[in-house]
Amino acid sequence: MAEPTITLKVARYRPGKDSAPTMQTYSVPYRQDWVVLDALNHIKDQIDGTLSYRWSCRMGVCGSCGMMVNGVPKLTCAAFLRDYPSQEIRVEPLAHFPIIRDLVIDMSDFLDKLKSVKSWIVRKVEKPVAEGEYRQTPAELEAFHQFTQCINCMLCYAACPVYGLEPEFLGPAAIALGYRYNMDSRDQGKDLRREVLGSHHGAWECTFVGECSEVCPKDVDPAAAIQRTKVDLAKDWFKSVLLPWGAR
Amino acid sequence: MNGTAVRPDKSKLHYSKMPPTWWLKKPAYLFFMLRELSSVFIAVFLVILLAQIHQLTKGPEAYAAFVQKLSSPGWIVFHITALLFALLHSVTWFQSTAVVMPLRLGERELPRNLVLALNIGAWVAVSAVILILFLALRG
Amino acid sequence: MFTHDIILIGGGGAGLRAAIAAAEQSSKLSIAVVSKVYPMRSHTVSAEGGTAAVMRDTDSLDLHAKDTIFGADFMADQDAVEVFIKEAPGELIQLEHWGCPWSRDADGRVSVRAFGGMSVDRTCFAADKTGFHMLHALFQTSQKYDNIARYDEFYVTSLLADDGKVRGVAAINIYNGRLEAIAGKAVILCTGGGGRIFPFTTNAAIKTGDGMAMAYRAGVPLKDMEFVQYHPTGLPGTGILITEGSRGEGGWLKNKDGYRYLQDYGLGPPTDTPVHRKMELGPRDILSRCHMQEYAKGRTFEGPYGHYVHLDLRHLGEEVINKKLPFVRELASKYVGIDPVYEPIPVRPVVHYMMGGVHTDMNGSAPLEGLYAAGETACVSINGANRLGSNSLTECLVFGARAGRAAVQYAAAQGAPSSQRLEALARDEQQRLDRQFLRKEGGKEKIAVIREEMQKAMEDGAGIYRKEEDMKRTCQLLRELRERFSNIAIEDRGDVFNTQLTAALELDFMLDVAEAVAHSALNRKESRGSHTRTDFPKRDDENFLKHTLAHRTPDGPRIDYLPVTITRWQPEERKY
């Protein structure tokens with residue numbers, strides 16, 4: 001019996017050659033335990049070596065292989081063919097990002113934003129290593145732990161219409177990581193981050209569509225981080241107005 | 001070049017724009033738009049309410065005439081629509097509240113649905129009290 | 001041409017740690033991190049179980065050293081191990097200061113768990129995503145240093161050496177296909193291992209031994225390449241890692257009769273709660289061999305991807321699994337449809353780690369001036385013939401930092417590289433790439449075909465059990481594949497993001513690494529650590545208590561040896 005197959009419609013864009021992305025159709029074997037990434041690797045290895053895409057760990061933690069699968073942002077290493085019974089799967093680069101080639105997007109914008117929120121521990125005075133670790137209780141860890149799970153896969157940006165309409169928007173992952181450090185008991189950098197998180201293109205630009213949290217493969221819930229950032233910003237603002245002489 | 005990273009040449013990238021109909025592409029986006037739209041209906045309702053109160057200052061006849069106008073089928077349809085949007089607005093508000101202000105019990109965060117249920121329960125209770133007071137005062 | 005003081009190749013745990021160490025020496029220094037992927041994609045991200053250091057009063061430096069040396073089957077250099085153990089706690093505390101979200105005890109201290117071959121709980125962890133959290137903490141921290149420049153998605157094709165000194169690298173800017181010369185006074189290789197030379201591996205696609213091969217081509221010997229670690233618990237088919245932490249927390253390995261078979265191999269007696277160094281907490285090399293013995297006895301399960309056994313976590317309960325092993329639950333559910341709370345996980349040994357690598361001293365310095373290496377790329381050696389689980393993340397930190405500092409010290413005494421000379425070298429490299437790949441016409445061989453044949457040859461001849469005739473055949477096959485590789489077909493002639501070209505370059509590197517592994521194995525006529533020969537089943541200290549050095553020649557590797565440094569721990573029989 002011939003092996004069952006499935007059709008993959010894959011977006012192609014070759015800069016210099018194509019003026020806009022086009023769709024190319026490939027027929028690949030259908031296997032129960034294959035993910036979309038396996039199908040792409042089959043195309044690359046056996047059918048068309050010129051197809052370009054990113055991938056690495058194939059276990060959902062490196063964050064390389066995010067793409068639009070039937071219009072939904074997915075990690076292709078975790079999107080099983082068997083979950084798409086339509087016999088045809090459309091694979092496109094992540095929405096809202098500039099396309100470098102085929103399925104490869106340019107995420108340098110995010111890297112700038114990640115840096116802008118000061119996504120590292122800020123201390124007024126660094127503690128010397130010789131003085132040992134900071135004590136942090138499990139409850140203190142719990143306060144920010146969920147927001148450390150971000151793998152920078154960019155699915156949330158591809159799901160966010162606000163980012164699609166306004167690329168200046170700081171966006172879900174960057175705000176969530178800013179919030180993550182704000183909530184870390186070891187950090188003292190909240191005042192420095194306020195300028196960016198509270199800016200016009202910061203948390204306030206979010207209209208709480210909530211799709212970022214829906215597509216997040218690691219349950220980071222960036223939407224919650226953004227809304228809580230707004231609450232923090234509002235509290236800080238009230239404090240600064242009501243207690244103009246006091247420290248915030 | 002320190003502190004920076006080498007980036008792709010922007011002139012070679014392909015940029016695509018979101019179509020104006022983007023919010024029709026996904027049920028979640030459409031629902032979001034409806035939620036946003038709900039505020040328009042609530043705002044219009046509030047303007048009418050203010051106008052109605054203003055009519056009170058002009059005497060009973062003026063007020064009765066205004067109320068008469070509001071009982072036209074068009075206004076009734078508007079108010080029913082506004083009521084539905086107000087319900088949508090309230091429910092989504094409480095949903096947001098569960099996300100924005102999590103309740104903690106020790107180390108653990110209470111499930112959001114529980115927080116939502118508590119909020120909605122309180123809302124229904126307060127509404128019921130108001131309704132009873134309204135009926136009692138009127139009777 | 002770009003110019004820096006220090007160039008890092010690779011942006012994983014070791015690379016970023018080295019970059020920060022170098023950047024902290026002086027803000028005037030310019031550091032470049034050149035990586036074929038964004039740093040947070042590096043394979044450190046996949047490490048799960050934890051990272052070892054002496055963090056408690058109940059532990060001691062000597063005990064950690066002894067466990068490491070014993071685990072290494074006495075092939076580790078003991079002076080290097082002592083340095084490693086001593087600096088490890090400081091490195092973990094440093095990482096804690098940089099925001100790594102370690103799991104904590106109730107009193108707020110970083111938690112420790114049991115790990116294979118360790119005699120006390122000393123493995124710090126961040127649930128079962130330790131590598132992920134370490135890498136992101138390092139990457140995010142690296143952003144605050146203005147003197148670190150990043151070359152993300154630059155593929156380094158060769159080291160540029162002038163007058164016997166490494167003076168920079170040639171790298172393809174993947175975004176536009178241009179080959180750039182990046183000049184530096186010192187170059188540190190932190191490109192990880194090359195597990196992808198084998199078919200079943202926990203290693204990510206990017207782990208193709210690039211740095212090892214580059215050093216090898218520049219005349220630096222590769223040390224102890226025959227020692228390839230199989231992790232006893234990978235998922236069948238994909239090879240996805242199920243952390244040793246799951247056994248540290250108390251998981252059981254069972255054969256198809258539901259029997260905890262490790263007790264038959266001198267690792268018993270079985271106990272309900274885990275005992276250090278016993279049963280499931282034995283070292284990886286021994287556990288992987290036990291699996292193969294069970295298979296030989298017909299006591300393993302048979303599935304579409306070959307033999308497997310069960311890793312049973314059910315008795316740990318949902319709460320422990322969710323708290324300490326959430327990623328294991330996620331991976332098993334997603335990739336094999338098994339919820340470990342209710343069912344045992346199918347596992348088999350898969351290639352995990354290369355103990356061998358670029359020959360360096362304990363400062364990461366390679367025997368070529370200006371060249372350093374750290375992490376899995378390097379072989380110091382602290383891992384000897386078998387690495388203990390959770391020593392490798394610590395190794396990235398300790399030796400990454402040491403290499404970073406040593407490179408800065410070296411660079412301070414060096415003049416600026418000659419840009420003319422480097423540009424000429426880069427032009428030569430461009431011509432090589434054009435000749436071999438980009439402008440070559442009429443190639444017939446497919447990348448995927450040669451890659452798969454290489455992987456099969458490695459599994460057949462250099463797997464868990466090895467014997468002379470198989471290894472000879474593998475060496476022969478690898479030579480033939482090298483020959484066939486010169487006829488490789490490249491259809492993609494695009495400048496932008498040409499991943500067919502990078503796949504070809506990776507295969508080119510892997511063929512070199514594979515040959516070094518196979519020849520080193522063929523020449524080691526004894527069994528030690530992960531290197532097990534059925535034709536020489538005993539350890540032979542008299543003839544082989546020495547490091548293998550593989551040198552590249554046009555006719556294949558030339559093997560010679562180097563003594564192992566023994567200080568305080570005399571070789572004894574390795575029994576658990």
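**View 1. Where domain 1 and domain 2 of chain A touch.** Here 14 residues of domain 1 of chain A meet 15 residues of domain 2 of chain A, with contact taken as heavy atoms within 4.5 Å. This is a predicted model, in which local features need pLDDT of at least 70, side-chain atom pairs count only at pLDDT 80 or more, and totals for chains, interfaces and linings use all residues. Residues are numbered from 1 along each chain as its sequence is written, chains are lettered from A and ligands numbered from 1 in the order in which they are written, and side-chain values use heavy atoms, with hydrogens and water left out. Domain 1 of chain A runs over 5–105 and domain 2 over 108–242, with bounds that come from an automatic or database domain assignment. Their C-alpha centres sit 30 Å apart.

**View 2. What the two domains of chain A cover up.** The size of an interface is often given as the accessible area lost when the parts come together. Domain 1 and domain 2 of chain A bury about 1000 Å² between them, and carbon and sulfur atoms give 73% of it; that is the accessible area (1.4 Å probe) lost on being put together, summed over both parts. On the side of domain 1 of chain A, Pro73(A), His96(A) and Phe97(A) lose the most area to domain 2, together 51% of what that side buries.

View 3. Look for salt bridges (a side-chain nitrogen of Lys or Arg within 4 Å of a carboxyl oxygen of Asp or Glu) between domain 1 and domain 2 of chain A, and the count is zero. Polar contacts, though, link four residue pairs there, both residues at pLDDT 80 or more. Such a contact is a pair of N or O atoms within 3.5 Å; within protein, one must be able to donate a hydrogen and the other to accept it, and residues adjacent in sequence count only if both atoms are side-chain atoms. Strand S3 (66–69) and strand S4 (72–75) of chain A each bring at least two residues to the domain 1 side; strands here are DSSP runs (E, at least two residues), and helices are too (H or I, at least four), numbered from the N terminus.

**View 4. Chain C against chain B.** This contact draws 17 residues from chain C and 11 residues from chain B. The buried area is about 980 Å², with 55% from carbon and sulfur atoms. Between chain C and chain B there are zero salt bridges, and one residue pair is in polar contact, both at pLDDT 80 or more. Strand S7 (148–152) and helix H8 (317–324) of chain C give two or more residues each to the side that touches chain B, and S7(C) has the largest share, five residues.
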